[in-house]
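Please open the structure in your viewer and keep the sequence beside it.

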Amino acid sequence: PPDEREFKGASSNLQAFVLSPEIINSGVNTGVISEGNLISADIEIEVRPDVHPGQRVVLLLNQMDPDSGTDPASYSFTLSATFFDSTEDPINTLLFEAEGIRTGSYLVRIQVDGASSPLFTNTSGEFDSPQMDIL
């Protein structure tokens with residue numbers, strides 16, 4: 001049975017919060033032209049806090065500079081289910097295998113269990129970082 005003693009201390013309301021990941025560094029390790037001008041690449045993302053085995057991690061890319069008359073491209077790539085096969089420890093450097101990406105500059109976000117990393121704006125109020133070039 002539950003303890004029914006009276007509590008006479010201070011209390012507060014519960015408040016939920018979301019711990020959002022933060023991108024510390026990003027880069028394209030290798031890029032190979034596949035069909036047309038599409039790229040297949042290994043994209044490395046360094047995040048904090050560390051990602052734990054079993055968490056669902058998605059890389060989100062939004063093109064910033066599409067060719068004239070072309071809509072900006074958007075991509076999402078899920079971290080491979082085998083990424084944590086060699087360790088049970090949390091990791092802060094993640095490697096995504098991305099295929100079929102248009103060349104260009106991209107805004108980069110990461111989602112960990114549904115919580116997205118933030119985008120930042122320039123002095124004009126336009127989103128400008130974090131970004132990466134995929135060439």
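Begin by selecting Tyr75 and Phe77, both of which are buried; buried means under 20% relative accessible area, exposed over 50%, and partly exposed in between (1.4 Å probe, protein chains only). This is a predicted model, in which local features need pLDDT of at least 70 and side-chain atom pairs count only at pLDDT 80 or more, while totals for chains, interfaces and linings use all residues. Residues are numbered from 1 along each chain as its sequence is written, and side-chain values use heavy atoms, with hydrogens and water left out.

**Aromatic rings**

A pair of aromatic rings is described by the distance of the centres and the angle of the planes. Rings of Phe, Tyr and Trp (its six-membered ring) pair if their centres lie within 6.5 Å; planes under 30 degrees apart count as stacked, over 60 as edge-to-face and the rest as tilted. The structure holds three aromatic pairs. Tyr75 and Phe77 form a stacked pair, 6.1 Å centre to centre with 15 degrees between the planes.

Next, select Phe83 and Phe84, an edge-to-face pair with 5.3 Å centre to centre and 90 degrees between the planes. Is Phe84 buried or exposed? Phe84 counts as buried because its relative accessibility is 12%, whereas Phe83, at 22%, is partly exposed.

**Backbone features**

Move to Arg48 and Pro49, which are joined by a cis peptide bond with omega about -5 degrees. Pro49 lies in strand 2 (residues 38-51); strands (E, at least two residues) are DSSP runs, numbered from the N terminus. Then select Ser129 and Pro130, where the peptide bond is also cis, with omega near -5 degrees. Pro130 is in the loop between strand 9 (127-129) and strand 10 (131-134).

Asp113 is the next stop, in the loop between strand 6 (104-112) and strand 7 (115-116). Its phi is near 50 degrees, a positive value in a residue other than glycine.

**The nonpolar core**

A nonpolar core is a set of buried Ala, Val, Leu, Ile, Met, Phe, Trp, Tyr and Cys residues joined through side-chain atoms within 4.5 Å. Which residues touch the most other members of the largest nonpolar core? Among its 25 residues, they are Ile43, Ile45, Leu61, Phe96 and Ile101. Strand 2 gives the most to this core, with six residues.

Finally, centre the view on Ile45. Its contacts (heavy atoms within 4.5 Å), not counting residues up to four places away in sequence, include Ile23, Leu59, Phe96 and Met132.

Technical notes: Helices (H or I, at least four residues) and strands (E, at least two) are DSSP runs, numbered from the N terminus.
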